[in-house]
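Me: Got a model open here. Can we walk through the fold together?

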Amino acid sequence: RPHHLPAAPLASGDDDDDGRSVVFVATPSDSAAAINRQLARGRHVVLTPGLYALPVPLRVATRGQVLLGLGFATLTPMR
């Protein structure tokens, strides 16, 4: 079953109707918990290149939500 991307391209400056950012740009220094909080708020997440040590899974639960890794965003489970 194919996954559909949002119709409009996303940029880190995109805002929703309330003026809140709809895209969170994560860096390897962000914890899995911090990234999951942003995902739980319905934000799209862009992972910048680097090594992400994840003690818990990243949870994408919103239909149409995007989790995008740029370059070599390497996700490593820590269990």
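Me: Which order do the strands of the open sheet have?

Reply: The order is S1-S2-S4, in an open sheet of three strands with parallel pairing. Strands are DSSP runs (E, at least two residues), helices likewise (H or I, at least four), numbered from the N terminus. Two strands pair if DSSP finds at least two bridges between them. This is a predicted model: local features need pLDDT of at least 70, side-chain atom pairs count only at pLDDT 80 or more, and totals for chains, interfaces and linings use all residues. Residues are numbered from 1 along each chain as its sequence is written, and side-chain values use heavy atoms, with hydrogens and water left out.

Me: Which are the edge strands?

Reply: S1 and S4, each of which pairs on one side only.

Me: And the twist, how many degrees on average?

Reply: It averages 20 degrees from one strand to the next. Axes are lines fitted to C-alpha atoms, for helices over the stretch in contact, and angles run from 0 to 180 degrees between N-to-C directions.

Me: What does H1 touch on the sheet?

Reply: H1 packs on it, touching S1 and S2. The helix direction makes about 145 degrees with that of S2. Contact means heavy atoms within 4.5 Å.

Me: How many bridges join S1 to S2?

Reply: Four, between S1 (residues 23-26) and S2, which run parallel. The chain crosses from S1 through H1 (residues 32-40) to S2 in a right-handed β-α-β crossover. Right-handed means that, with the strands pointing away from the viewer, the path from the first strand over the helix to the second runs clockwise.

Me: What stands opposite Leu47 on the S4 side?

Reply: Gly69 in S4. Three bridges join S2 to S4 (residues 67-69), again running parallel. Ala26 also stands opposite Leu47.

Me: Are the S2 side chains buried or exposed?

Reply: Buried, for His44, Val45, Val46 and Leu47. His44 and Val46 point one way, Val45 and Leu47 the other. Buried means under 20% relative accessible area, exposed over 50%, partly exposed in between (1.4 Å probe, protein chains only).

Me: Switching to the whole chain. How many helices and strands?

Reply: One helix and five strands. From the N terminus, they run β-α-β-β-β-β.

Me: What share of the chain is buried?

Reply: Buried residues make up 25% of the 79 residues.
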